[in-house]
Amino acid sequence: MSGFGGFLLRRTIGAVVTLLAISVIVYVVFYATPGNVAQITCGPRCSPEQVHQVAQQLKLGDPLYLRYWHFLEGLVVGQDYSTGTSVEHCSAPCLGLSYQSDQQVMAIILTKLPVSLSLVLGAMVLWLVLGVGTGVLSAWRRGRFTERVLTALTLAGWATPVFVIGLALMIVVCGELQLLPFPQYVNFTDDPEQWAWNLLLPWLSLALIEAAAFARLTRSSMLETLAEDHIRTFRAYGVAEPTIVGRHALRGALAPVIALNANNVGSAIGGAVLTETLFGLPGIGQELVHAVNVVDLPVVVGMVLVIGFFVVLANAVADVLYAVADRRVVLT
């Protein structure tokens, strides 16, 4: 296949291979480490009988490659788990069973995932608007007072920790001005308006930090694009400067912005721990920290794989957007 269809097929195959590589690394790191894997997986409070049962469920007597194959089978067709008195079927994609809460790992993730997606996707819109807009304006007003002010604000945002911005916003907006209630997560399906109002401060806290990086990257990319020959040609033909900046230069400068956004969205799904903890949002990041603290190994493995999936997915989508945003990109 050739053209855009072949490009999509190759990127899809590459994403699948990358996900398989991630699953191998994660499985080996967590399930082939020295020590009693069954005891670590089950947790410190498990009895010897429970540890033995976990060892049988994980098939620790089999070679490592067979155990990994059984793990992949669980992801594709599901797996059966013995609870002592009965057998529980874990439907595909099965990431295992939490021996701390007796819940399926995928069920735990699906409960927490909407919270993290709500936080990250809403913040993404803000950090793209603020960051790209600031970067474009800084490049357009290069050497002027406007650029110096925006550069100072960008550096201040980059250097300020997210919990400082979050606390300041809560104290001023919720405490002093009482413009918003203190954030409390509400499901989108229950009340979309309250969902947005309660996530506004978390969105701003996360977006202001990320927008600084996008502003710096957009500015440098815009300055490079504005110095290219085709931009000078547009100016020679008398094309208005706002048209050159907004229509031609920005499109050519978007490729690194798309790459950075893909990395940020994927990693922020599980990496916005401080934001979720500060505002009490029961998302993936907060659950991952809890699972690590109680040594809930199946949940940790499942969370890491899901976060890896979103990182790979975001970068695969970014590869496709390259071709849409910049016609100079060669589809290989």
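Biologist: Is Asn198 buried or exposed?
Modeller: Asn198 is buried, because its relative accessibility is 6% and the cut-off for buried is under 20%. Keep in mind that this is a predicted model.

Biologist: Which helix is Asn198 in?
Modeller: Helix 8, which covers residues 192–226.

Biologist: And what does the side chain of Asn198 reach?
Modeller: The backbone nitrogen of Gln184, at 3.0 Å.

Biologist: Which residues does Asn198 touch, leaving out those up to four places away in sequence?
Modeller: Pro181, Phe182, Pro183, Gln184 and Val186. So Gln184 is on the contact list within the 4.5 Å contact limit, and its backbone nitrogen is what the Asn198 side chain reaches.

Biologist: Zooming out. How many helices and strands are there in the protein?
Modeller: 13 helices and two strands.

Biologist: What box do the C-alpha atoms fill?
Modeller: Roughly 80 × 60 × 35 Å, along the principal axes.

Biologist: What share of the residues counts as buried?
Modeller: 41% of the 332 residues. Asn198 is one of the buried ones.

Biologist: Charges next. How many positive and negative side chains?
Modeller: 18 positive and 21 negative. The centres of the two sets lie 18 Å apart.

Biologist: Last one. Among contacts between residues at least 6 apart in sequence, what share joins residues at least 24 apart?
Modeller: 64% of them.

Technical notes
Residues numbered from 1 in each chain as written. Predicted model: local features only at pLDDT ≥ 70, side-chain atom pairs only at ≥ 80, totals over all residues. Heavy atoms only, no water. Helix = DSSP H or I, 4+ residues; strand = E, 2+ residues; numbered from the N terminus. Buried < 20%, exposed > 50% of the residue type's maximum accessible area, 1.4 Å probe, protein only. Lys, Arg positive; Asp, Glu negative; His and termini not counted. Charge placed at Lys NZ, Arg CZ, Asp CG, Glu CD. Polar contact = N/O pair within 3.5 Å; in protein donor to acceptor, adjacent residues only side chain to side chain.
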